[in-house]
Amino acid sequence: MIQLIQPVWQEKAPGVWSAVVGQPKGVTPLSAADCKPLTEALRRMGGAELPFARDEVQVEALAGGGYLLRLPLAEQEKLFGLGLQFMRMNHRGRTRYLRVNSDPKQDTGESHAPVPFYVTDRGCGVLVNTARVVTVHAGATVRADEQRADAARDRNTDRGWQATPVSAYVEIRLPAEGAEVLLFAGANALDTVRRYNLYCGGGTLPPRWGLGFWHRVPKLFSDREAVQEALEFRRRDFPCDVIGLEPGWHSRSYPVTYEWAHDRFPDPRSFVAELGLHGFRVNLWEHPYVSPEAPLYERLRPLSGNYTVWGGLAPDYTLEEAQVLYCSQHEEQHVRIGVSGYKLDECDGSELTNNSWMFPAHAQFPSGHDGEQMRQLYGLLFQKMTEDLYRRQNVRTYGLVRASNAGASSLPYVLYSDLYDHRQFVRALCNASFSGLLWTPEVRKAQNAEDWVRRMQSVVFSPMAMLNAWGDGTKPWSFPEVEHIVRHYIKLRMRLMPYLYTAFARYRFDGTPPFRAMPLVLAEAAEASGGADGGGGMGVPASRTDASAAGPSAAVVENTTDGAYGKTKAKEWDDQFMVGGDLLVAPLFAGEASREVLLPPGVWYGLETGERYDGGVIVTVQSGLERIPVFVREGAVIPLMPALDRAPRAGEKVPLDIVHFGDASGEALLYDDDGETFDYERGQHIWRKLVVRRNGDGSLTGEISDVSADESGGSEVRQHEAANEAGSAGDFYTYDSVQWHLGKRSLADLI
Ligand code: GAL
């Protein structure tokens, strides 16, 4: 007998409902991240309906303990998200085991960031707010009493036989004690993801310098070596904003002390100040495990778990007392002398890999939490503690973290991994956008110059453009024959900073991810054209396309077969993504000189080639090593700044170039603030609209105009003078003059 439980749904915000199943105990992802929903922005989004009635969501008490959550799925519905997934984008038909894992080499669902949130292409979002490992059967189970009569087929003769059953349900095994379940509705996947991000507190807005180039130096570098390496960037005309120090800055590492190694860094304050003078910030690597040599050790000992890692303590940072100890030491030794943030390493780990170093799931912590809960949330706890540490100084930070979970949208951290497959790295960039995560496909080394360039070209179009040379000692100029290409793309990133910063401001205020996977992009395109297709069918014919309408290199693509039984497999388009609303990036991988690109509807131009394409089709593009295929929408208005060697500091002003593409009218938002503090949350920021109009005589004119509260995600709009007179930028924080470039086909002569 199955025992059904009726969940009681409570509306938390328009289009967001919660029900508590069983009696969940202890910390959850949303409590660890201390998520404060942006209720005003959620209210402005208005209501939305789920694709099914809420009472169709079933909860069953399982005979052996625990609960099963069952949610309806349509036959073709696709299911995205579940955290930082490397192996696939659409999880339909798979069982996902959402456990944190530092080495997620298999397609099981385990991940650095196993977020128990998914979104479907029909706009259904589900979050299980628990610190426990959750198993999600994403349309992979069929009950005997629901079996369709024609479901069993003969594999010997039937070419339609499929390995994956057609299931009408998502089934989620909830923890034994139960969990809070949240439902997020939306007109399509993007709408739902925005609600999820807003519920988690909105997206993060990095300091402007966080969007510059990052370089991490070899692990045992001294202060002199780090300064020399930084100056080499300036000498060679490579922009760089952040120098990252790896384990060797600690007096001991693995486990760590959080104290400077005085032999390598005799005067940390002067070191940080010297780099600051040359325009660099300093980021410090650390991990959670506290060395017996650390001054903090004795005080943290009673506040730590009953297992060690590499001989160090694993402190219980759900305890305020432990947080205070960690924060005051960090504030005194690092933050006060000007360190800009951290790389929070090895807060993941897993006990079943062949390289088992983490505390076990049965570890006990003084707060009463166990190892499983602590492992699932360790990354989140560190993100929150350090964000608060900087927030108390009214300073924004931006850093790296190797583990995360739900509720991370508003935390200023970017995920990374020791795994190093370029394709998986690009897929992770796409997948992160479904789960309120940011990811960097960091570059470390390369097999050859081609691989080097292709990886560098991807990383500059990501949330953090970083070379991590901790182990290989590489530099951006390590392959001299392609040094000019790498320099070109790092400079292009700097040029795009106003555009990127605005994309992050949209994330902050209205929850729109700055980097978006194609299912989110096509959902948006369908919404803009009033179409019913929520992106599920990808909005584009996968087979027949009108080649003549699709520009010079358009091609027709047939689905491929993947097995002896003729099962067809649709392409997921998990190797291309959008940056903001107007740039589509389609990376190339070593060994490739051409690729297919799914272009959303509308007219597009090659950003650097000026080639014109009609979208709504799949095109094949050729591209030599000098170029990564990037497309810009007709009518796009892209704000640029000069390719400085570092981001402008608060109070510094730079000229603004506003580039408009093609013949059509268009508009864009431009966001600006001091770039460094939280004053923007108290109204110290501005949104402007950049409008280009095509006049009756075919000429184009551009103007900067006011923005309504709705357009700016409701953030307060400062009054300002009209700013249309030539050469004036009005009252921006960062821009002192404006140059318009109208009707361009490419950026070629502007970079
Ligand atoms: C790894 C990390 C690397 C590097 C290294 C230093 O865990 O992923 O990026 O920081 O530690 O030991």
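The domain assignment of this protein, which comes from an automatic or database source, lists domain 1 (3–199), domain 2 (208–510), domain 3 (539–633) and domain 4 (637–744). The centres of domain 1 and domain 4, taken over C-alpha atoms, are separated by 40 Å.

A word on how to read what follows. This is a predicted model, in which local features need pLDDT of at least 70 and side-chain atom pairs count only at pLDDT 80 or more, while totals for chains, interfaces and linings use all residues. Residues are numbered from 1 along each chain as its sequence is written, and side-chain values use heavy atoms, with hydrogens and water left out. Helices (H or I, at least four residues) and strands (E, at least two) are DSSP runs, numbered from the N terminus.

**Two open sheets**

Let us begin with the sheet of six strands, which is open and antiparallel, in the order E1-E4-E5-E11-E10-E7. Strand E1 (3–5) and strand E7 (94–98) stand at its edges with a single partner strand each, so one side of each has no neighbour in the sheet. From one strand to the next, the twist averages 25°.

Another open sheet has seven strands with parallel pairing, ordered E18-E17-E16-E15-E14-E13-E19. Its edge strands, strand E18 (413–415) and strand E19 (465–468), each pair on one side only. Here neighbouring strands are turned by 25° against each other on average, direction ignored.

The table shows a strand pair from each sheet; two strands pair if DSSP finds at least two bridges between them.

| Strands | Sense and bridges | Facing residues |
|---|---|---|
| E15 (281–286) and E16 (341–344) | parallel, four bridges | Glutamate 286 and leucine 344 |

**An enclosed helix**

Now to helix H9 (residues 422–432): ten of its eleven residues are buried, so the rest of the structure largely encloses it. Buried means under 20% relative accessible area (1.4 Å probe, protein chains only). Among these buried residues are Phe425, Val426, Leu429 and Cys430. The buried residues of H9 pack against helix H10 (449–459), strand E20 (515–517) and strand E23 (577–579). At the start of H9, a side-chain oxygen of aspartate 421 comes to within 3.0 Å of the backbone nitrogen of arginine 423.

Terms used:
Buried < 20%, exposed > 50% of the residue type's maximum accessible area, 1.4 Å probe, protein only. Contact = heavy atoms within 4.5 Å. Polar contact = N/O pair within 3.5 Å; in protein donor to acceptor, adjacent residues only side chain to side chain. Axes fitted to C-alpha atoms, helices over the stretch in contact; angles between N-to-C directions.
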